[in-house]
Amino acid sequence: MGFVCAPLTLIGVIWISPFLLPVLFIWAICYDLFKSELPPGIDQPLKLRFYHSLLLLTAVLGRILEKLGICSDISLLRFMLDGIPPWRDSKLLIRDLKFAEVPMRVYQAKAPSVGQRRGVLYFHGGAGTLGSINAFERVCRYLARETDSVVVSVGYRLAPEYLYPSQYWDCLNATIHFMRHVEDYQVDPARIIICGDSCGGNFATAICQILVSRTDLPKIRAQVLIYPGLQGLDFYLPSYQQNRSVPFLFQDRIAYFCLRYLNKDTSVVEDVLKSSHVPEDMKLKYKKWISADNIPEEFKIRGYKPQKLPSYKYKHDVHEVTKQMLEVMFSPLLAEDAIVCQLPESYILTCEFDVLRDDGLLYKKRLEDNGVRVSWYHNEDGFHGVLAFFGFGIFSFPSAKKILDNTVNFIKKL
């Protein structure tokens, strides 16, 4: 069937909407009310419920349109998540280019600079299957304006059209190309920063680890990791339990998206949640790094009960399907200390109501244990994906601006 262009997708939605949209939206609201849990203190819970209902509506509508041969469910989600394009920015020069055949959007201040600027490579989130340069346009504009940096947003290829690890190679090739041509953008080669949110934070982490051994390139000045997902071994850490039903990323959805990103059978989600895909010797080997024991006690107060994994039993057939989740590239938390100790100064941002919170906390500890300087900001009312709503005025969440402003403050010090 293939993917259909955005105009045909929109026509399909308009055609079907008078018949199904009201019913589907009521269903989505009811599903959210019964399935979601919004803990006290989360940022604007009613707005979050509304957006989550819209996301559910879009996902179900996409599956219907896919059955009708109009478009795939992923193409509809991508179309909707791109949002409304912002107005032109009079202060920025914005160019669409290609580095090493990878689409890029470069944001650069029009005003002249007294010296060389920082260079920020930005890898957007979206579970490797969603998201785009357009979807994170407002984020990148804000970073470029507020930090007076040259920001390069990387449009890496998405799954399932392009299989893992195409996304990593795109990010790596774009980074290397930019580092070799920094003079074209008046960027200081000693102030190159790699930044990403969610799976983009995963890409940023992996790229930094790969580049530590490259002597032919400038050294990365810093890595900026915004609520990154960093491991595919243990989906039963405290944050996965506490926030298992907090929109937009439920506990089972993270396993589902990982499998879909890898183009694997999603029927093994429950086995993955129980860690049945991890050999016992591997669990023992990496327990020193991936364990609730390494999470500070203050993060275990809310709704966490230490317990053994329910009905854990290693399944070799499940391991064979999912073993790519246990590779260092996919799970950079598993990198050896010899690599971690060489990493640049790091900034890690975590959100309290995020299933991936503990991935960031565990990596923070690993970096600090290996003598890497870490700046950490914990957003106490934020949730996963909140940054995607930045820059939409009253339709945004205050926590998104807090996250970006704190990130800006860190970058400006470099």
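Mentor: A charge is taken to sit over a ring if NZ of Lys or CZ of Arg is within 6 Å of the ring centre and within 35 degrees of the ring normal. In this predicted model, Lys47 meets that criterion: Lys47 lies over the face of Phe397, 5.3 Å from the ring centre. A second case involves Arg138, whose charged end sits over the ring of Phe392 at 3.9 Å from its centre.

Phe397 also belongs to an aromatic cluster, together with Phe25, Phe50, Tyr51, Phe248, Phe383 and Phe389. The structure as a whole holds 25 aromatic pairs. In one of them, Phe50 and Tyr51, the ring centres are 5.9 Å apart and the planes are at 50 degrees, so this pair is tilted. The class follows from the angle, because planes under 30 degrees apart count as stacked and those over 60 as edge-to-face, with the rest tilted. As for accessibility, Phe50 is partly exposed, with a relative accessible area of 42%. Tyr51 counts as buried, because its relative accessibility is 13% and the cut-off for buried is under 20%.

Another pair is formed by Tyr256 and Phe257, with 5.7 Å from centre to centre and 70 degrees between the planes, which is edge-to-face. Tyr256 has a relative accessible area of 24% and is partly exposed. Phe257, at 25% relative accessibility, is also partly exposed.

Phe383, a member of the cluster, leads on to strand β8, which covers residues 374–383. Of the 10 residues in this strand, 7 are buried, so β8 is largely enclosed by the rest of the structure. Strand β7, made of residues 345–353, pairs with β8 in the parallel sense over 7 bridges. Within this arrangement, Leu349 stands opposite Tyr377 in β8. In a regular strand the side chains alternate between the two faces of the sheet.

Finally, Phe34 is an aromatic residue in helix α1, which spans residues 6–35. Phe34 is exposed, at 72% relative accessible area. With Ile29 and Leu33, Phe34 forms a nonpolar patch on the surface, and together these residues have about 330 Å² of accessible area.

How values were computed
Residues numbered from 1 in each chain as written. Predicted model: local features only at pLDDT ≥ 70, side-chain atom pairs only at ≥ 80, totals over all residues. Heavy atoms only, no water. Patch = residues over 30% accessible without salt bridge, like charges linked within 9 Å, V, L, I, M, F, W, Y side chains within 5 Å. Areas by Shrake-Rupley, 256 points an atom, 1.4 Å probe, with all protein chains shown as cover. Salt bridge = Lys/Arg side-chain N within 4 Å of Asp/Glu carboxyl O. Helix = DSSP H or I, 4+ residues; strand = E, 2+ residues; numbered from the N terminus. Buried < 20%, exposed > 50% of the residue type's maximum accessible area, 1.4 Å probe, protein only. Phe/Tyr/Trp six-rings, centres within 6.5 Å; stacked < 30°, edge-to-face > 60°. Pairing = 2+ DSSP bridges.
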